[in-house]
Amino acid sequence: MSKSIDNMKKILIILVSLVAAFSLIYLRFASYKISEDCIRTIELSYKNGFISAGLIGTLYRVLNMIVPVELFDYEMIYFASKCMLILYYVLAGLFVMVLFVKKKSLFKNNVSLVVMFVIFAAGMFGCADTLGSYDMYEMMVLLFIAILLIAQKAEWLVIPSVIIGVLIHPSFLFKCMGIVVAIMIYRWKIKKENKYKALLIVSVVAVLIVYFASEISLAIYIFEDRQLLANKAIVCASSLIPEWNYRGNNYINLFIFLLAFSPYLLIGRDFFKRMYRNNVESKKVYRFMQLGGLIMLPEFILKVQYGFLIYFVIMYYVLLLLTFNIEEDAYIVSTAEEEKKLLKEKLFLPVVLVLYPLLLMPFMSVSIMRGFDVIARVLGA
Amino acid sequence: MTTWINNNKNNLIIMGILVVITIVCFIGNYNGEIDNYNTTILALNYKYGFVSRGLLGTIFWGLDVILPFSIMNARGASLFLHGCTLLFYIIILFFAFFILKRTKENSRKSVSSLLIILFICVVTTFAHDANLGRVDLFMIAISVIGVMLILVEKCEWLIPILTAIAVMMHQGYVLMYFNIVLVFLWYKIFTKEEKKQKSKYIIIFVLSFIIASVLFLYLEVFSHASKGLDVYENVANLAANLSFDGTFHETLLQHEILGVDLSEVEHGYHMKNLAEIIVYAVLTLPYIIILVRFFKKLFKKSHGFNQIIKYLAFLFGSLTMLPDFLIKVDYGRWVLSVTVYYLVMILVLATADNLVSECLNDEIDVVRKRRIWAIVLLIYPAILLPFYDVNIDQITSMIGHVANREFLHWW
């Protein structure tokens, strides 16, 4: 009885801390407006055919038909986006709670990693550049999938969830599928749970079908609507040209960010090196997961929203590490312990490593950080 | 060289952390814009008489005369203020190293934690467009230089001069940051046993106090330009030239040049400030509790009249800010000054006073035992800051705004 009361007390403390952390971090970074780019997420809908990135717009239109209030004005779009942001925070909080419920001891040992997750999760999507963006919805789906996989409950829901993710925006395939695939491959290959093989195949096939279907139908729509294939080229080119102008800004941003983030890159490199030194079986699987973040490479080459991309790369590794710790992976846990011990010995104040990400947040859309944009402008990019 | 590096290894690591924090905090809060208050102040100079807040503008004007190219334009003003901010960061970094060098091994972690909080505090605040290049950074720098001089007991005769410079930059120095120097001088008076040394500090204390008071009274009451309206036009034109968007801070010029009383204009902000300070006190309650426990411990362990009188001054030194809190409205700046006062004083006394260092270590050890609290307390300032000017910070201003709209209806 007293154990369960103690448990309830701990859960309550975590809940209060999460609410306080999310509220304060939101208030710190919120800009209380929504950008034009983010408003455009509701412009595209299936009214014009099965086009890519049309799901959010379609759902918003349906909602507009149901409720007696006109939803297509700035205030209502801002309000709706804020409601979705709260839902995103709830999902992130739920993810932390699931981690706690699943393995209390590991949660305690990895409290720094959990704090870092909260900082990254809460610091994003509150400001004008990111509120109501496709990436916010994609992240919500990813968190939902992560909760299902960690809780190991109703995992069949992963399949419709990934389909919804790609329907929200095709970039879900590159930004979020990496982590889903990594967890499933881990469970299939390392934990020898064969149901994940089936789940993995069905999820990937479903995602690919939806991805190509929406991309192809977009081409058909443009072709039919404009009558001339040439127009498609013009439309594509006109949307790409302004994006290419951001390239210089992107590269400067990325360079400064890598410099600022280098302590974690070094720790990560050291971590994997140490792990492989410990005679890891199924080295290929771990190597695959280590390099899984590279799935976002096409996005880095073709797109310009480096702020979002960096966010998803970081989330890939944070979520993966948290999952592996919960899975009690012998190699990861023991290497993490070694690494932690070493950092405590080497670094004078290791707690600074947890504080540091907060100074880097929030990531923006094209610019990774607000100040990076100024530097890029000064350098003429 | 290698021996020096080995001896200072831990200090250099902490300095590395502080440099990274400085760069990242600056980049994270910087958007390349300067509030027109900070460019307008550059238009005030002694060409129009001994006006208040005129020293910085006079230095700027002097530079314009010396340099082979004109800096009396927006780009020049921007470069000057960016340069001043950089200089301030260098002084604060030097102060950090100075403190670390004098810190005993057992207090190094406590001192480093406080330095990190101090850096997050000042770097974020002076990188934000509301305060980039604001004259407050000179006031902090001067006080910090003052306490360093007292700590090394060299060139202490410079303190009255530095005080005069600070008051001429902004008379608010007397209430905002002069307490740091005064309290430390007070501490020295009651610490030194040798009569000659004691007298030296009494003279510096009295002289600095008189200079600050006389200048404060003159600049506050009598310093407005005699040919107010003519001067106003000239200064306004210059001030408009100094900002990129051609605007200037009208109320600042009206107050400083024409002597217009702004209390009625500012009245609306008082209630806002009151709501915000309550919210801020609630949000920073963990730090307030730690500070109260620290002082409780300090007074419990102290004995003898001299020690108690020193620590009483240390505890109540920030009360010099009370008139500003009651009369003026820039609560973001007032709260910054109180925060900087306690941080700088604790840091300085932790190196100079064994009892302070002992109590500080005890208190930080209690926090560090609960790991999650240590993380949260270090992260917390990065969430709350930067400080603004009239509004304390983004979080308190937002909570205050919503509380007023929904429940209070104070403004």
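Predicted model: local features only at pLDDT ≥ 70, side-chain atom pairs only at ≥ 80, totals over all residues.
Reader: Good. Where does B:Arg53 lie?
Author: In chain B, in the loop between α3 (36-40) and α4 (55-66).

Reader: What is its phi?
Author: Positive, about 60 degrees, although B:Arg53 is not a glycine.

Reader: And is B:Arg53 buried or exposed?
Author: Buried, because its relative accessibility is 9% and the cut-off for buried is under 20%.

Reader: Chain A now. What about phi at A:Gln152?
Author: Phi is near 55 degrees there, again a positive value in a residue other than glycine. A:Gln152 belongs to the loop between α7 (134-151) and α8 (158-168) of chain A. Its relative accessible area is 31%, so A:Gln152 is partly exposed.

Reader: Cis peptides. Which residues does one join in chain A?
Author: A:Met361 and A:Pro362, with omega at about -5 degrees. A:Pro362 is in the loop from α18 (352-360) to α19 (370-378) of chain A.

Reader: Which residues are joined by a cis bond in chain B?
Author: B:Leu385 and B:Pro386. Omega is about 15 degrees for that bond. B:Pro386 sits in the loop between α20 (371-384) and α21 of chain B.

Reader: Stay with α21(B). What caps its N-terminal end?
Author: B:Asp393 does. One of its side-chain oxygens is 3.0 Å from the backbone nitrogen of B:Ile395.

Reader: Which residues in that helix are buried?
Author: The helix covers residues 394-408 of chain B. B:Gln394, B:Ile395, B:Thr396, B:Ser397, B:Met398, B:Gly400 and B:Asn404 are buried.

Reader: What comes just after α21(B)?
Author: B:His409, with a positive phi of about 55 degrees.

Reader: What is A:Phe117 in contact with?
Author: Setting aside neighbours within four places in sequence, A:Phe117 is in contact with A:Ala92, A:Phe95, A:Val96, A:Leu143, A:Met315, A:Val318, A:Leu319 and A:Leu322.

Reader: A:Thr130 next. Buried or exposed?
Author: A:Thr130 is buried, because its relative accessibility is 0%. Its place is the loop between α6 (111-123) and α7 of chain A.

Reader: What does its side chain reach?
Author: The backbone nitrogen of A:Phe125, at 3.3 Å. Beyond neighbours within four places in sequence, the contacts of A:Thr130 include A:Cys38, A:Phe308 and A:Phe363.

Reader: Last one. Where does the charged end of B:Arg134 sit?
Author: Over the ring of B:Tyr37, 4.1 Å from the centre. B:Arg102 also lies over a ring face, that of B:Phe98, at 3.9 Å from the ring centre.

Notes:
Residues numbered from 1 in each chain as written. Chains lettered and ligands numbered in written order. Heavy atoms only, no water. Lys NZ or Arg CZ within 6 Å of the ring centre and 35° of its normal. Buried < 20%, exposed > 50% of the residue type's maximum accessible area, 1.4 Å probe, protein only. Helix = DSSP H or I, 4+ residues; strand = E, 2+ residues; numbered from the N terminus. Polar contact = N/O pair within 3.5 Å; in protein donor to acceptor, adjacent residues only side chain to side chain. Contact = heavy atoms within 4.5 Å.
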